[in-house]
Amino acid sequence: RPPVAGDAWPAELIREALAAGGVGTWMWDLTTDLVTADSVVRRALGLPETGPIPLERLIAATDADDRAALQAAALAVKGGRPELQVPIRVPWDASA
């Protein structure tokens, strides 16, 4: 049966939808300050293909106009705000 409102979406379906839209995801471990990112995020931001990424390195790889907002949001989460939702842009090299 097709999914209906309130159904949980299977993880694989979510991954396929994100990939089709070129959208990446990352998770930040507050205890270590390390980020785990999928291949979309890693490629888009020029980050290593494997291994954890320090949060500061991820922030430095984002568009310069978004870094302050991302840093402020990270500090708010460390201060107790329950979630981090900040849209970020990817630096774009038009000559590439």
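**Briefing: sheet, core and salt bridge**

Strand E2 (residues 34–37) runs antiparallel to E3 and is joined to it by two bridges. The model is predicted, so local features need pLDDT of at least 70, side-chain atom pairs count only at pLDDT 80 or more, and totals for chains, interfaces and linings use all residues. Residues are numbered from 1 along each chain as its sequence is written, and side-chain values use heavy atoms, with hydrogens and water left out.

**Sheet**

- Three strands form an open sheet in the order E1-E2-E3, with antiparallel pairing.
- Strand E1 (26–29) and strand E3 (53–54) are the edges; each has a single partner strand, so one side of each lacks a neighbour in the sheet.
- Strands are DSSP runs of E with at least two residues, helices are runs of H or I with at least four, and both are numbered from the N terminus.
- Two strands pair if DSSP finds at least two bridges between them.
- E1 and E2 run antiparallel, joined by four bridges.
- Leu34 has Pro54 as its bridge partner in E3.
- Asp29 has Leu34 as its bridge partner in E2.
- A hairpin is formed by E1 and E2, with four residues between them.
- Asp33, in the turn of this hairpin, has a positive phi of about 65 degrees.

**Nonpolar core**

- The largest nonpolar core has 14 residues.
- Such a core is a set of buried Ala, Val, Leu, Ile, Met, Phe, Trp, Tyr and Cys residues joined through side-chain atoms within 4.5 Å.
- Buried means under 20% relative accessible area, exposed over 50%, and partly exposed in between (1.4 Å probe, protein chains only).
- The residues with the most contacts inside the core are Trp28, Val35, Leu45, Leu47, Ile53, Leu55 and Leu58.
- At least two core residues come from each of E2, helix H2 (39–45), helix H3 (55–61) and helix H4 (67–78).
- H3 gives the largest share of this core, four residues.
- Beyond its neighbours within four places in sequence, Leu58 is in contact (heavy atoms within 4.5 Å) with Trp26, Val35, Val41, Leu45, Leu47, Ile53 and Leu70.

**Salt bridge**

- The count comes to one salt bridge, defined as a side-chain nitrogen of Lys or Arg within 4 Å of a carboxyl oxygen of Asp or Glu.
- Lys78 and Asp33 form a salt bridge through their side chains, at 3.2 Å, N to O.
- This pair links distant parts of the chain, 45 residues apart: Lys78 is in helix H4, and Asp33 is in the loop between E1 and E2.
- Lys78 is partly exposed, at 47% relative accessible area.
- Asp33 is also partly exposed, at 25% relative accessibility.
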